[in-house]
Amino acid sequence: MKRNSFAYRHIGPKAVDVDQMLTTIGVDSIDTLIDQTVPTTIRSAEEMDLAPAMTEAEFGTHITALGEMNSVFKTYIGMGYHNTVLPGVIQRNILENPGWYTAYTPYQAEIAQGRLEALMNYQTMVVDLTGMELANASLLDEATAVSEAMSMFYGAMSRAKKKAGASKFFVDAQTFPQSVELLRTRTAPIGVELVFGDYKTFEPTDDFFGAFVQFPNADGSIEDYRAFAAKCNAAEVQLVVAADLLSLVLLTPPGEWGADAVVGTTQRFGIPLGYGGPHAAYFATKESYKRFIPGRIIGRTIDTDGSPALRMALQTREQHIKRDKATSNICTAQVLLAVMAGAYGVYHGPEGLMDIAEEIHRKTATLNEAVKGMGLKQHNASFFDTLKITLNESNSIQLRELSEAAEINFRYFDETTIGISINETTTDEDVAEIIAVLAKAEAADTIEMDDLGQYIPTELARTSAFMTNSVFHSYRSETEMMRYLKSLERKDLALNHSMISLGSCTMKLNAASEMIPLSSGSWNSLHPYVPTEQAAGYMQVIEELERDLAVITGFDATSLQPNSGAQGEYAGLMVIRAYHQANGDHHRDIALIPSSAHGTNPASAVMAGMKVVVVSCDDHGNIDVDDLRAKAEKHSANLASLMITYPSTHGVFEASVKDITDIIHQHGGQVYMDGANMNAQVGLTSPGIIGADVCHLNLHKTFAIPHGGGGPGMGPICCKAHLAPFLPKHPVISMGGAQGISSISGAPWGSALILLISYAYIKMLGAEGLTDSTKYAILNANYIKERLAGSFDVLYTGENGRCAHEMILDCRPFKRDAGIEVTDIAKRLMDYGFHAPTVSFPVAGTVMVEPTESEGLEELDRFCDAMLSIRHEIGEIETADADASNNVLKNAPHTQYMICADAWDFPYTRSKAGFPLPYVSDNKFWPTVRRVDDAYGDRNLVCTCEPIESYMEQAEA
């Protein structure tokens, strides 16, 4: 590798290290190792047809030039997306900070207290603004949140409703089109009937289980839904409201007038538009829905010493456990964006939010008076930030020519009706410019602007206090905010401290050169519904990325719309469903899924209207081909699909994979490949080669988008030509297949801004660099396997005794021989400065290790030294040299407070507890709480910051 190449910086092991690693593994070259690992029957015969690799400097010039092709107009389209002001202190200290964006989902709570606190701030803000009792830690986008509420209501309806066969869901006509489209997608496969109409005339009957309204509505009108809500409540029709969260600073929150759930987006809380995302959707509901709410919830608990701690609550709701019984397949959230939105609330506080909301409303009211002064009809008697205007002398085409010449975008309802939504960045000068454009179009005099009263009905004006917790009143200066964010960051272990070897998660380098473009206004300031000619730079990125991903997967077409891996799974299955229906095979609804599959697989299949049939695995962890064949034959007439992960979730390249896919095709089914382990395929083999028909890719794994502490992610799908006509469409922007399924995400290309990261990753590595990345991922995994041999048994290997890019270490004997649980090992690793590998998935009592290609030999050795040291500590318990219940593993992790306390009542030394190996003292990471009590947190569910009264009580005490 050339020193100025990106591959040289991305791939961890250097040439001087490789010989040592190969000697440990027992092979003479990396190619020999690959030959022993990847079956020859599925190896790629040719190098991938990709553009030559760019250097980081070349890519910087390239992406800047592409960004200049985008036209950043002043945009007043609205529709749930608004320009906003991202405070610099949040941009620099969160968005651009690897301490935040390279962290993983906070399953290991003791080393994630900072992120958990930031998410608790976010949940508290959402609960307060919506007037609800409980909020999750974010969802993917507003349209998804609406659909998730529908699904939650469907699963949680009363016995009486179920007995009555309730299957109808009411949707008010004044709903954003992207939410309507996603509801169509989600309801059709599960047999829910959407009923559209006017909320004013809706009469709930026994066959309705839920209803939905937008607040303010899609036209921008503030409607009084109180009587409608009362009618729904009386008839046990569960009501979800999609509310503009910033408007709730001024408006009575839906929780106070009868909503059962309130959803929406926090995008306008400082999150850049990003041509559609990523943004954090919010989801708030009543506590009675706590066992049904989708996504993750952060809750309070205590640690071993009884001290306050935070952790993810009620995890038994998740699809990992419920599998095909889950009502949602949500696997990730938008944590980084939720953290930013929560920080926006902390920085501004309730008074700052009030000022922002009132300024937006004042400017909208000023514009309204000018519009009326020109003799134009403005339809919204009450409004927050949006006007709907009918033109007199001009039409939409003429106005659009004038406005775009002035670099302004409006919303166009029809030939004579437009919408204008004012936002936080709008100045008085901008309002004057809008008025001037309208006046020119209408050949009218420009109206003098005046500050005018509010257009919010008195009866719907907010009277309740919100965001009273001290955290929303403590950090007004940038100095204070910077230090608060740093204090949170220091509590979390991320990739900027050490390797995170989570199996099936691919925590590789998220290079700075990939991340830098995200902060550019030429990329992050575009509204997702601007004319595509204004997004020429994005169009080129999207076109090239779609092509490159198709080449890498061995397929023919790509959709970049799904904005998470789970949504990619769902999209792939919905495309298969549409294909079967187009062929008249409506009866094909059986999905074969291996028992080792990720929990999202069966959950996604059920959501796509399929019935799950589980296929067994053999003693070697491979799919039992005989069982697969028998079940394919049994269900031949109705077989829809096989869902397969490759390499398997057990970390093995199954040699029989082509036989497996052939069996499915012989019985009329399609093969969906889960792309979770694509990091072991790129350049060596492909989903197309193994016989798959469609796959999803986790761009936040294989293609370098950071995990962000639990999101964002992207899950595009690639498919063969016969499935391409069914790729998802969008109701606002023309895209997708000729017979495309309805939308999967709210924005046409999902979270488009972060596509730049994967685009950069591919462009800077090129075909050779991508292939080398795969080879080194396999090298690193097999090096760890051999270094730990004799101390940790690897549960499954391939035919030649090799693992793929990850391995499962069997920790079950330690419980039998020493009473040590796999959780004890996970917590003890924190004392050594490491995040645990994946715990008890896919096999209980094991850890799954995936080092990725980005880790060098020194870090791999540190991790192996830590694991071997822990094995020695377990051995001390086995030989009775350490107490079976009072030892370094059972008491882990050890906090700085413990080590420094005057009293030390443990039968081992402080140095053994806190500094078990020499390297630890060079860069010690301290967990800030002892082991958290999960059961206590679930029994005493509290998911908001402590009320201000508790701080007063503590002060008085």
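So, which strands each supply at least two residues of the lining of the largest cavity? They are β5 (208-215), β6 (238-243), β12 (386-390) and β15 (417-421); strands here are DSSP runs of E, at least two residues, and helices are runs of H or I, at least four, numbered from the N terminus. The largest share, 3 residues, comes from β15.

A word on the model, friends: it is predicted, so local features need pLDDT of at least 70 and side-chain atom pairs pLDDT 80 or more, while totals for chains, interfaces and linings use all residues. Residues are numbered from 1 along each chain as its sequence is written, and side-chain values use heavy atoms, without hydrogens and water.

A cavity is a set of points on a 1 Å grid over the protein atoms alone where a 1.4 Å probe fits but cannot get out, and lining residues have an atom within 4 Å of a point. By class, the lining splits into 13 nonpolar, 11 polar and 6 charged, where Asp, Glu, Lys and Arg count as charged, Ala, Val, Leu, Ile, Met, Phe, Trp, Tyr, Cys and Pro as nonpolar, and the others, Gly among them, as polar. The volume is about 270 Å³, taken as the space filled by probe spheres set on the points.

Now, a helix pair. Helix α13 (residues 335-373) and helix α16 (residues 478-489) pack at about 145°, axes 11 Å apart; the angle runs from 0 to 180 degrees between N-to-C directions, with axes fitted to C-alpha atoms over the stretch in contact. In α13, A343, V346 and Y347 meet E478, M481, Y484 and L485 of α16, counting heavy atoms within 4.5 Å. That contact has 6 nonpolar residues, no polar and 1 charged.

Terms used
On a 1 Å grid over the protein atoms alone, a cavity is a set of points where a 1.4 Å probe fits but cannot get out, and a pocket is an open set with protein on both sides within 12 Å along at least five of seven lines; lining residues have an atom within 4 Å of a point.
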